Amino acid sequence: MYLLNGQMYTASGAPLQDALAVAHAEHLRPRCACTERAAPMYIARATGSFVVKRMPCTGHLHSLRCPHHSHESDASIGDSSQPAIQRDPVTGQVRIRAAFAMSSGETGLSLHAGRDHGLREARHRFTLCDLILYLWNEAGLTTWRPEFADKRTWAVVRHHLIRAASSTWVNGTPLTQALFVPEPFSVAKADAIRARRLDRLSRYLCSSPARDRRMLLIGEVKELSTSALQPRVVIKHLPDTIMRLPPTASGLHADQTGEPNCEPPSRLVIGATFSLNGGAALTINEFQIVSMSAEWLPARLDALWRGAP
Ligand SMILES: [Zn+2]
């Protein structure tokens, strides 16, 4: 059974096909109704029909009896129907094809979302939200045990994230170089932290001949302003840095597809590509924000806020 636009559909039959055709055109995501969490799915176009497929790394979110269930996160990685991600069995390197651009010269497919071909292609690539959830899964941050209480700090989350990303390449770019996860800030060590950060950012973003490179930020949102005049975000542990959001971020509203009575999220985690714009200002090119619990467990599997040029 699938949940689509507030209606339930059985997995086979004409009503589902009709609904999928509409949803495909309107970019709606079906959900699998096998559990209360209703895992998000995506729609693929097959010959003469539409097929509902599992999102990467979400096999464990389905009930044991559901045909989409998979306990191993690698099962979906090895699935040839998911060309967005490939793991080299010898080196362990993971190569991800993303719908967002890692440099200004790259054709970000999300930029061409109005074109049918680009849209179809983008559906088979990782969004920033997919990447956050993938890294969270690889880092072991999607599980919780009582003994983790008070121990899962930002420093711990950051450590596991960076380690999980160390074998990951996105659109041909190694995350060992391109991923920026702010280190825990302390006033006593502020100068040293700032120096390390500037060195890392400038080495990657300013090094010739790659001036158009973009870095990938993962951090916790402290403050988000989507005012039309100056949309911007402040990230926790980056107290002295304001990052400009793309102009289309203004007037954004939280995605309304969530449960109306759900608790407000404890944490907002942003995944963003950013670059240096006209000097020292850090400008976010594309971003997606996902909600997480106080324990850093993803609360939803789709982006709450998003913005692109
Ligand atoms: Zn299911």
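The points below take up the metal site, the aromatic contacts and the salt bridges in turn.

1. Basis of the note. This is a predicted model, in which local features need pLDDT of at least 70 and side-chain atom pairs count only at pLDDT 80 or more, while totals for chains, interfaces and linings use all residues. Residues are numbered from 1 along each chain as its sequence is written, and side-chain values use heavy atoms, with hydrogens and water left out.

2. Zinc site. The zinc ion has as protein donors Cys32 (SG), Cys34 (SG), His62 (ND1) and Cys66 (SG), at 2.1 to 2.3 Å. Donors are N, O and S atoms within 2.8 Å of the metal (3.2 Å for Na, K and Ca); water is not among the atoms, so sites may look incomplete. The angles among the four donor atoms run from 107 to 114 degrees, and the site is tetrahedral (four donors, all angles between 85 and 135 degrees). The donor residues follow the spacing C-x1-C-x27-H-x3-C.

3. Cysteine 32 and cysteine 66 are both buried (under 20% relative accessible area; exposed is over 50% and partly exposed in between, with a 1.4 Å probe and protein chains only).

4. Aromatic pairs. The structure holds four aromatic pairs, meaning rings of Phe, Tyr and Trp (its six-membered ring) with centres within 6.5 Å; planes under 30 degrees apart count as stacked, over 60 as edge-to-face and the rest as tilted. The ring centres of tryptophan 154 and tryptophan 296 are 5.4 Å apart with planes at 40 degrees, so this pair is tilted. Both tryptophan 154 and tryptophan 296 are buried.

5. Charges over rings. The charged end of arginine 95 sits over the ring of tryptophan 169, 4.4 Å from its centre; the criterion is NZ of Lys or CZ of Arg within 6 Å of the ring centre and within 35 degrees of the ring normal. Arginine 213 lies over the face of tyrosine 204, 4.2 Å from the ring centre.

6. Salt bridges. There are eight salt bridges, each a side-chain nitrogen of Lys or Arg within 4 Å of a carboxyl oxygen of Asp or Glu. Arginine 196 and glutamate 183 form one at 2.8 Å, N to O. Glutamate 220, buried at 6% relative accessibility, has a salt bridge with lysine 236 at 3.3 Å and another with arginine 267 at 3.3 Å. Salt bridges that share partners also join Asp191, Arg194, Arg197 and Asp240 into one network.

Key
Tetrahedral: all angles 85-135°; square planar, octahedral: opposite > 155°, others 65-115°.
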